[in-house]
Amino acid sequence: MSSAQNSDSVSHLTQREAAEIDEILMGPLGFSVDQLMELAGLSVATSIAEAYKASEYDRVLAICGPGNNGGDGLVAARHLYHFGYKPFVCYPKRTQKPLYTDLVTQLESLSIPFLSVEDLPLDFSKDFDIIVDAMFGFSFHGTPRPPFDDLIKRLLCLHGYDQTRQKRPVIVSVDIPSGWHVEEGDIGDEGIKPDMLVSLTAPKLCAKKFSGPHHFLGGRFVPPVIAHKYKLRLPPYPGTSMCVRIGKAPSVDISALRENYISPEFLEEQVESDPINQFRKWFDDAIAAGLREPNAMALSTVGKDGKPSSRMVLLKGVDRDGFVWYTNYESRKACELCENPHASLLFYWDGLNRQVRVEGSVEKVSDEESEQYFHSRPRGSQIGAIVSKQSSVIPGRHVLYQQYKELEEKFSDWSLIPKPEFWGGYRLKPELFEFWQGQTSRLHDRLQYSPQEINGKRVWKINRLCP
């Protein structure tokens, strides 16, 4: 997910600077126009997916002009298709160059409909949820000519729905809202008022006049030499994201936040009879789906005062004996486990609409097991475990840094770092499992495994719980 960056701290380009940067990218720096177009279109698609979920805004109309901005729109339509949206394309003035004709062929191979201006409804609000404005980019001059002048007027008509409180499609402009002056913005306040602006490379000066709820920066391809030459202040892109939000995210009504889950049925006859095997099956699915830290789990403990506390820890092993994690034996959770050796674990795999809850008794793992795992960790993590007197009060981060540097120097000869006595592992021995899978209309699946004895043998009974 993209993080937000204050718009005032980000550089804005003039029209001349934007043109120069493109010339440098496609000249001495060796980029081709199709490379940049692919990255730009992908950035637009990922920005849309960040703000408008396909489950609620699936019908997308991409209106593409004859230039590079239109090419960005064609690429975005292709990626949106693969993201689960239903794109339509209006491309009235086609550019007869191989790059553009190939993009059209790619879209046609996906059976993405191309609509002529005559095919388009006069009122976009009934047929589309998102309008991608990819008509004109930063090199455009003058007044829009037919048929784009009429298309811009149709987009302007959508603003009237705000007063009547009717639902209307959201408008997403690529780099420059079509009809705006590249530097001065919406002169006369009579132009398109997009809900989202996806700036490419760096925002253009007109973006300072943008007042919609979603402003994203895309085009993660600016080399340091260009950033230095033009003194660009650009936000860091989080993780592997192709976009980053600029400015504050819009305020939302928390009570209205909801997700309508769509998942395959989770039926009793399909599950493993042993909950450990079922857990491994779902855990493998989370790994295969590429979810971030699928071994992250919420650990909840309760001390003798009866007050619960929770924190995220990382699963480091699972077998027939239970679930293993490692921590400081002098931390709050360790103290609470000493007073009450029972806990609950919760795994949440958002991308799969799944949760697993495990309850049971807790015991320390053997010293040998803790020792073996401790020395399998990176040396920096080993030193960090010694430095951190977990849950104790310290005057500041400088204390940790200082102690870390001292130990780093002490063990710079790569000698064995001894495991501290206050550090080791715990194992939760499961006594109850619940597997949860989100479904539409809140009719979620909940299957609970609880142990029972049959003929002197422990078996797991499976019950379906009401969601």
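This report describes strand pairing, salt bridges, a surface patch and the cysteines of one structure.

The structure is a predicted model, in which local features need pLDDT of at least 70 and side-chain atom pairs count only at pLDDT 80 or more, while totals for chains, interfaces and linings use all residues. Residues are numbered from 1 along each chain as its sequence is written, and side-chain values use heavy atoms, with hydrogens and water left out.

## Strands and crossover

Helices (H or I, at least four residues) and strands (E, at least two) are DSSP runs, numbered from the N terminus. Strand S2 (residues 59-64) and strand S3 (residues 86-90) run parallel and are joined by five bridges; two strands pair if DSSP finds at least two bridges between them. Arg59 has Lys86 in S3 as its bridge partner. Between S2 and S3 the chain passes through helix H3 (residues 68-82), forming a right-handed β-α-β crossover. Right-handed here describes a path that runs clockwise from the first strand over the helix to the second, with the strands pointing away from the viewer.

## Salt bridges

Side chains of opposite charge can pair when their charged atoms come close. A salt bridge is a side-chain nitrogen of Lys or Arg within 4 Å of a carboxyl oxygen of Asp or Glu. The whole structure contains 20 salt bridges, including the three in the table.

| Salt bridge | Distance, N to O |
|---|---|
| Arg78 and Glu38 | 2.8 Å |
| Asp150 and Arg154 | 3.1 Å |
| Glu434 and Arg446 | 2.7 Å |

The salt bridge between Arg78 and Glu38 links distant parts of the chain, with Arg78 in helix H3 and Glu38 in helix H2 (residues 33-51), 40 residues apart. For accessibility, buried means under 20% relative accessible area, exposed over 50%, and partly exposed in between (1.4 Å probe, protein chains only). Arg78 is buried at 13%, whereas Glu38 is partly exposed at 27%.

Asp150 and Arg154 lie in helix H5 (residues 148-157); they are four residues apart, so about one helical turn separates them. Asp150 is partly exposed, with a relative accessible area of 33%, and Arg154 is buried, with a value of 11%.

The side chains of Glu434 and Arg446 also meet in a salt bridge. This pair links distant parts of the chain: Glu434 belongs to strand S15 (residues 423-437) and Arg446 to strand S16 (residues 445-454), twelve residues apart. Glu434 is buried at 6% relative accessibility, while Arg446 is partly exposed at 22%. Through salt bridges that share partners, Arg357, Glu359, Glu434 and Arg446 are joined into one network.

## Surface patch

A nonpolar patch on the surface is formed by Val252, Ile254 and Leu257, which together have about 340 Å² of accessible area. Patches are made of residues with over 30% relative accessible area and no salt bridge; like charges are joined within 9 Å, and nonpolar side chains (Val, Leu, Ile, Met, Phe, Trp, Tyr) within 5 Å. Accessible areas come from the Shrake-Rupley method with a 1.4 Å probe, and for residues only the protein chains shown count as cover. Val252 sits in the loop between strand S8 (243-246) and helix H8 (275-288) and is exposed, with a relative accessible area of 53%.

## Cysteines

A disulfide is a covalent bond between the sulfur atoms of two cysteines. With a disulfide taken as a pair of cysteine sulfur atoms within 2.5 Å, the structure holds zero disulfides. The cysteine sulfur closest to that of Cys338 is in Cys335, at 7.3 Å, which is too far for a bond. Cys338 is exposed at 66% relative accessibility, and Cys466 is exposed with a relative accessible area of 66%.
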